[in-house]
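Here is a short briefing on one chain. Have the sequence and the 3D view open as you read.

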Amino acid sequence: MAEKDILIIGGGPGGYVAAIKAAQLGGKVTLMEKDELGGTCLNWGCMPTKALLHGVEILESLETGKEFGIQAEGVKVDFVKMSARKDRAVKILVSGVAGLMKANGVEVIKGAAKLLSPRTVQVVDEKNQTVAYQAKKIILAAGSVSAPLPIPGAQLPGVIDSTGALKLNRVPESMVIIGAGPIGLEFGTIFSALGAKVTILELLPQVLPSEDEEVASALEKSLRRFKIKILTGSRVRGIEESTGGKLKVSAVTGEGEETFEAEVVLVAVGRKPNLEGLGLQEAGVRFGKKGIEVNSRMETNIPGIYAVGDVTGQWLLAHFAFAQGEVAAENAVGRKAQLDSLAVPRCVYTLPEVASVGLTEKEAKEKGYEIKVGRFPFSANGKATVLGERTGFVKIVSEVKYGEILGMNIFGPHATDLIGEAVLAMTLEGTAQDIARAIHPHPTLTEALREAALDVDGLSLHIPPRKKG
Ligand SMILES: Cc1cc2nc3c(=O)[nH]c(=O)nc-3n(C[C@H](O)[C@H](O)[C@H](O)COP(=O)(O)OP(=O)(O)OC[C@H]3O[C@@H](n4cnc5c(N)ncnc54)[C@H](O)[C@@H]3O)c2cc1C
């Protein structure tokens, strides 16, 4: 049986970054991927959605353009072209990863792999041949799959998940989205801007249930601008076929029993780790419902086996998978590394965007911190005004004793780019005063972060003083 040094199962952000890092550090790496390199992120997640969303941004900018005296006549959306461009972007990115594998000397084996024992991996390759390998170190990076919705009718044609939504070859006339998390809201933004009549049903009392309440409610208001109908606190009971090829979704909403008809129903109720067929039991790797159990060094309970990314069920985010992948790779080549992941940014690609890191105000209070909160609206930021993107605000939660930043929430233009500053500040255990001390370039949206930091002490320069008493 052939022997491999470091064998990685899964070529998504967790697996391919682990492969590059291990190779950079001198490891001899083999990566097994059953589908396309780049995983969910490049093929069916982060990147194709952003490609479509950028098309929507261009469309929206024509709307804002009117304010600037730019009148575009006869604007038409060719969704087939938009999708083809998305597919081309994905292709470029996937071949970029293949190029990186080659450049780093990583051997890529195409096929579905599974553990037979703590040191043996079997792969069924593209020619349907089964080959087994011995491996000194193994990194599991098999990702996640869409969580199913256990209700009647969930299997009907026309009921799709996020992958199905990315395969649509035309904009449906109507769409019900079940789940108002990041994925549901992102697709809601895309398809409603492209003309679909979108209804979003969410079980919990707010959209983005784990985000700051103020942010969630401001976002909900702004989504209505796209004419998206949002019903929170609504339990979906079932889906059935209706007339005219439509589907009928029944739900208990605040109004009682209601039904919603749509051409397409998108189930976006989260993702679950992809644990099936990995041979975890055979190798004795411990896992639970949430995913494969790992410590901060990405080690599983079996020495020499690591797990990274969505399969660990921690933060189901590509950048977290990257970070875990690097740590696992360092440990696999014999270095000592660990992940102290207090500052993990969370991004929601709506228009405008939401981004946050650390604790929300409510979470900080629940944890018993004495806190101070600073806010700054984009309507008072010069650059946002010039851009015509004045919706939203920055909110900083800082603790009183040492002034350390506990969390930052941004709702507004380019929030997902702006949050990087907060991540850095929190990683360095910085305070709101540190952000305020730093000279920010003018005119930029980043000044809103500085002003929110100043507002933690009631000293924001560009909003009227807070009322005393
Ligand atoms: C619609 C959507 C939008 C998203 N947008 C964002 C975003 O904007 N930002 C963000 O941070 N995250 C986003 N995510 C989440 C992100 O895609 C994941 O967190 C990320 O891809 C996880 O990386 P991973 O390497 O753990 O797993 P994956 O990317 O899922 O990769 C796992 C790989 O393992 C392969 N594999 C599985 N089993 C085997 C096996 N037995 N043998 C061989 N290969 C196997 C799979 O084919 C896959 O290629 C989005 C997800 C979706 C669905």
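**The parallel sheet and its surroundings**

An open sheet is built from 5 strands in the order E7-E14-E8-E9-E10, with parallel pairing. Two strands pair if DSSP finds at least two bridges between them. Helices (H or I, at least four residues) and strands (E, at least two) are DSSP runs, numbered from the N terminus. This is a predicted model: local features need pLDDT of at least 70, side-chain atom pairs count only at pLDDT 80 or more, and totals for chains, interfaces and linings use all residues. Residues are numbered from 1 along each chain as its sequence is written, and side-chain values use heavy atoms, with hydrogens and water left out.

- Strand E7 (159-160) and strand E10 (229-231) are the edge strands; each pairs on one side only.
- Strand E8 (residues 174-178) runs parallel to strand E14 (residues 264-267), and 4 bridges join them.
- Ile178 stands opposite Val267 in E14.
- Helix H6 (residues 182-193) lies across E8, E14 and strand E9 (197-201). H6 runs at about 165° to E9.
- Axes are lines fitted to C-alpha atoms, for helices over the stretch in contact, and angles run from 0 to 180 degrees between N-to-C directions.

**Helix pair H3 and H4**

- Helix H3 (residues 46-65) packs on helix H4 (residues 79-103) at an angle of about 140°. Their axes are 9 Å apart.
- H3 and H4 are therefore oblique to each other. Angles under 35 degrees count as roughly parallel, over 145 as roughly antiparallel, 65 to 115 as roughly perpendicular and the rest as oblique.
- On the H3 side, the contact (heavy atoms within 4.5 Å) is made by Met47, Pro48, Ala51, Leu52, Gly55 and Val56. On the H4 side, Phe79, Met82, Ser83, Arg85, Lys86, Val90 and Leu93 take part.
- The residues of this H3 and H4 contact divide into 9 nonpolar, 2 polar and 2 charged. Ala, Val, Leu, Ile, Met, Phe, Trp, Tyr, Cys and Pro count as nonpolar, Asp, Glu, Lys and Arg as charged, and the others, Gly among them, as polar.

**Thr259**

- Thr259 is found in strand E13 (residues 256-262).
- Leaving aside neighbours within four places in sequence, Thr259 is in contact with Lys248, Val249 and Ser250.
- Val236 is 23 residues from Thr259 in sequence and 9.4 Å from it in space, C-alpha to C-alpha.

**Whole chain**

- The chain has 14 helices and 21 strands.
- Along its principal axes, the C-alpha trace spans about 75 × 60 × 45 Å.
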